[in-house]
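The following paragraphs lead through one protein model, taking its sheets, its bonds and its backbone in turn. Please keep the sequence and the coordinates at hand while reading.

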Amino acid sequence: MISRNPRRRRTLLASAVLAAATLFAGIAPAVQAAPEARADVFIRDNTSDVGFEPSSGSLYSSPDIRVCFSPTILCATDDPIVQGSTAYIHVTLNNPGPYGDALEKGTLQVYYTKQGTVAQWSSQWTYIGSATNVDVPYGTKRVVIPWKVPIGSHFCLLARWLSPTDLPTEGLSTSANARNNNNIAWHNVNAVPFRIKIPEFRPIVFGWDGPDPTAVGDIVFTQPGRPFTGPGRITIDLGPDLAARWRAAGAKGEGVERVGETELAIVNPQRARISGLTFKSGEQVGAKLSFTAGAEAAGGQYTVHVTQVDQRGEEVGGVEYRLTEARQ
């Protein structure tokens, strides 16, 4: 199956160049497996992801990571987690990816952090658990890791697959790590069961996870499918810190309306934007979202994406909210 790998010759050439360079520098290169012996298990960033690095499209709501009540039954979508209870993180591993065909054992690790658009690796992530000596056959394999859900806020998840011939190259930025390594995936999905005319609040953090000292970015709201804005109402309370930064940048935006000193309503369901926010590297600045369903929202299912982008319009990270009416 190596014939399917279009990058084999370039990989061999790059390995030779790297070995020569490290020897010339007086450093013995690490022993690298030949492409024929390399495993390439991957975890998808989105439904279109087939393992190429860097990936394209959304990177913060991996379909291969799901949080369920049951350790044996894969839920159709994330179950709403209950703080203090035990949830089960189901991770689907795919084999082979485009850069190797070997079968090999490895380790799956899972971490959590605050619900938000950014988190620096590894200081802002907390280890949940791992599964070791995992064999991944050709096709897919689902691995389940139990999680005692912490008391506190809502959370984002990160999965890392590690094997001797398939180790990630990582830096501070979680988003860059997920984009550039097909064995790292990010799952920022929050299930929101709503009740008519009763606000549901969700904390969220924004910031900057890259190495640059500061960065300027925008917060973008999109609602694919049937929009929640209309039958429902979405607001964001920036809090005094973010609100002051936004005003200092000229209070620029589109599809939003000020409804309080620090609060904005999302009035355009197709696209709304809060522009010009400045963050320091490593910052996580808190805000609060509110989802309030009107009578017309009854029985509906809705998706809301809150995405942070940089000055070039490139995605830094985000959270996907899936709203369904709570069971009575």
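Two strands are taken to pair if DSSP finds at least two bridges between them. In this predicted model, strand β6, residues 155-162, meets that criterion with β7, the two being joined in the antiparallel sense over four bridges. Within this pairing, Leu-158 stands opposite Trp-186 of β7. Cys-156 has a relative accessibility of 0% and therefore counts as buried.

The pair β6 and β7 belongs to an open sheet of four strands, ordered β4-β3-β6-β7 and paired antiparallel. The edges are held by β4 (126-135) and β7 (184-187); each has a single partner strand, so one side of each is left without a neighbour in the sheet. Direction ignored, neighbouring strands here are turned by 15° against each other on average.

A further open sheet has five strands in the order β9-β16-β11-β14-β13, again with antiparallel pairing. Its edge strands are β9 (200-207) and β13 (256-258), and because each of them has a single partner strand, one side of each lacks a neighbour in the sheet. From one strand to the next, the twist averages 30°. Inside this sheet, β11 (residues 232-237) and β16 (residues 284-293) run antiparallel and are joined by six bridges. Ile-236 stands opposite Leu-289 in β16. Helix α3, residues 239-248, packs on the sheet and touches β9, β11, β13, β14 (263-266) and β16. The direction of helix α3 makes about 100° with that of β16.

Asp-241 counts as partly exposed because its relative accessibility is 39%. The side chain of Arg-245 also meets that of Glu-283 in a salt bridge, at 2.9 Å from N to O. Since Arg-245 lies in helix α3 and Glu-283 in the loop between β15 (272-280) and β16, this pair ties together parts that are 38 residues apart in sequence.

Another salt bridge links Glu-200 to Arg-202, whose closest N and O atoms are 3.4 Å apart. Are these two residues buried or exposed? Glu-200 is buried, its relative accessible area being 15%, and Arg-202 is buried as well, at 7%. Over the model, the count comes to 13 salt bridges.

The backbone deserves a separate look. Most residues other than glycine have a negative phi, and most peptide bonds are trans. Against that background, a cis peptide bond joins Glu-53 and Pro-54, with omega about -5°; Pro-54 lies in the loop between α1 (8-24) and β1 (65-68). A cis peptide bond also joins Trp-121 and Ser-122, with omega about 0°, and Ser-122 is placed in the loop between β3 (105-114) and β4.

For Ala-251, phi is near 50°. Ala-251 is found in the loop between α3 and β12 (253-254), and its relative accessibility of 33% makes it partly exposed.

Where pLDDT is low, the predicted coordinates should not be read in detail.

Definitions and conventions:
Residues are numbered from 1 along each chain as its sequence is written. This is a predicted model: local features need pLDDT of at least 70, side-chain atom pairs count only at pLDDT 80 or more; totals for chains, interfaces and linings use all residues. Side-chain values use heavy atoms; hydrogens and water are left out. Axes are lines fitted to C-alpha atoms, for helices over the stretch in contact, and angles run from 0 to 180 degrees between N-to-C directions. Contact means heavy atoms within 4.5 Å. Buried means under 20% relative accessible area, exposed over 50%, partly exposed in between (1.4 Å probe, protein chains only). A salt bridge is a side-chain nitrogen of Lys or Arg within 4 Å of a carboxyl oxygen of Asp or Glu.
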